[in-house]
Amino acid sequence: MIAGTEIGAYRLLEKIGEGGMGAVWRAEHTKLGRLAAIKVLHPSFSMRPEIVTRFFNEAKAATAISDPGIVQIFDFGNHTDGSAYLVMELLEGETLRDRLDHAGPMSATEALRVLRQVSTTIGAAHTRGIVHRDLKPENIFLVRDPEVAGGERAKVLDFGIAKLIGDPTQTQQTNASLVLGTPAYMSPEQCRGAGQVDQRSDVYALGCVFFALLTKRPPFVAAGGGELIAMHLVNDPPRPSEFVANVPASIEAVIMKCLEKEPRDRYLHASELAGVLATLDGTGPALRHPVAPVSHAHDSPAVATVGSVTTLAAATGMTAVTRQGPSRSRRNLWLLIGGGLCIAGVAGGLASLVMTSGSNELAPPPPSPSVEPISMTVTAIDAHGAHGANGANGA
């Protein structure tokens, strides 16, 4: 691809990022003049249907979620040379990873504000039966927005490896012996390739992100992905206060609850976490999205049920939960939106890319009241390969 190439209704203006699997371009609609970011897979990968399916899964997942914290997808398809592409909202700002790299750890107040926004957005995904499965600072983008507290809005990127509950192609065609995610932010159930991974896996990852915002590091740090996976499975997580001073006890308690080894001991879903964070920052309840209850056989005897929610538009109500049983520095315009351009191994021969098939329609999948068993793929997908803190290196 070169500047001036027309892809669909857009003309490429300049390359603003590149990874092992493709590149991101700033582009302009040839008739409307609207700027956009176009993510283009390299032709060699565009010829592999299973990879293209995973690539287009980002569009399917993102357009199923109605929330200002989700990046808009405008179009997708195949160029005349066969290259698969996504056309999406052009963001101006930086990732949380970039912010931490140049500004250092956040204050408790700032971290709380950011995590509340992200939790609310992920709660919207959970409402639609979508589990992100790769939440990390590289996949959260900060953009200017004077309408929100702090003047910045957090946007969640890269739903390319998300699980769309109710999509039978994902359950049927993913290899059950593999897992998906980035080791430093993966839940224990992701690490062991459990048959059922639901919203609470994202809650664990949000706890890891919250920890990183306060300390500039995830809870567990190791040289290789295999060691990281073992630590998530076996080691008790450290407390943020072991690395930085003056962490409020209430915030630390929230993080440690997110990092519980057993899913049933965490918050039920991201919307519940968002509501708790809202009470901590003094702004009141933040739940916008009703979420179906989670109930799995492996949780027995614990049972979690979700009460009613008030509105879909504003922060006007809390979810009632009843539990029984045990309880880079470059501030540019796109900064590689999404993490699906670079593939890196997790630990030697452990990493493998296994894709699923699906449609290239943008229609959202139907919501499901239950969470189905899923299969997982171990793959660290990271467009920010130069940032090695998450255990994945660029291809």
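## The three-stranded sheet

Strands β7, β9 and β10 make up an open sheet, lined up in the order β7-β9-β10 with antiparallel pairing. Two strands are called paired here if DSSP finds at least two bridges between them, and the element names follow DSSP runs numbered from the N terminus: helices are H or I of at least four residues, strands are E of at least two. At the edges stand β7 (93–95) and β10, each with a single partner strand, so one side of each has no neighbour in the sheet. On average, neighbouring strands of this sheet are turned by 25° against each other, direction ignored. The axes behind such angles are lines fitted to C-alpha atoms, for helices over the stretch in contact, and angles run from 0 to 180 degrees between N-to-C directions.

A word on the model before going further: it is predicted, with local features needing pLDDT of at least 70 and side-chain atom pairs counting only at pLDDT 80 or more, while totals for chains, interfaces and linings use all residues. Residues are numbered from 1 along each chain as its sequence is written, and side-chain values use heavy atoms, leaving out hydrogens and water.

Back in the sheet, β7 is joined to strand β9 (residues 140–144) by three bridges, and the two run antiparallel. Here T95 stands opposite F141 in β9. Helix α3 (residues 96–103) lies across β7, β9 and β10, at about 90° to β7.

Strand β10 (residues 152–156) contains K155. With a relative accessible area of 8%, K155 is buried; the cut-offs are under 20% for buried, over 50% for exposed and in between for partly exposed, using a 1.4 Å probe and protein chains only.

What does the side chain of K155 make a polar contact with? One partner is the side chain of E89, at 3.3 Å.

## The six-stranded sheet

Another open sheet has six strands in the order β1-β2-β3-β4-β6-β5, with antiparallel pairing. Its edges are β1 (6–7) and β5 (73–78); each has a single partner strand, so one side of each is left without a neighbour in the sheet. Strand β4 (residues 35–41) is joined to β6 (residues 84–88) by four bridges, and V40 has Y85 as its bridge partner in β6.

Strand β6 also pairs with β5, antiparallel and over five bridges; F76 has L86 as its bridge partner in β6. β5 and β6 form a hairpin with five residues between them, and G82 in the turn has a positive phi of about 95°. M88 lies in β6 and is buried, at a relative accessible area of 1%. M88 and A36 are 52 residues apart in sequence, yet their C-alpha atoms are 5.8 Å apart in space. Helix α2 (residues 49–63) lies across β4, β5 and β6, at about 20° to β6.

## Aromatic pairs and charges over rings

The structure has three aromatic pairs. Rings of Phe, Tyr and Trp (its six-membered ring) pair if their centres lie within 6.5 Å; planes under 30 degrees apart count as stacked, over 60 as edge-to-face and the rest as tilted. F56 and F76 are edge-to-face, 4.7 Å centre to centre with 70° between the planes. F56 belongs to helix α2 and F76 to strand β5, so this pair ties together parts 20 residues apart in sequence. Both F56 and F76 are buried, and ring pairs link F55, F56 and F76 into a cluster.

F211 and F243 are also edge-to-face, at 5.9 Å centre to centre and 70° between the planes. F211 lies in helix α7 (residues 199–215) and F243 in the loop between α8 (225–234) and α9 (249–258), so the pair ties together parts 32 residues apart in sequence. F211 is buried at 0% relative accessibility, whereas F243, at 38%, is partly exposed.

Charges sit over rings too: R34 lies over the face of F74, 3.9 Å from the ring centre, and the charged end of K257 is over the ring of Y267, 5.3 Å from its centre. This requires NZ of Lys or CZ of Arg within 6 Å of the ring centre and within 35 degrees of the ring normal.

Conventions
Contact means heavy atoms within 4.5 Å. A polar contact is a pair of N or O atoms within 3.5 Å; within protein, one must be able to donate a hydrogen and the other to accept it, and residues adjacent in sequence count only if both atoms are side-chain atoms.
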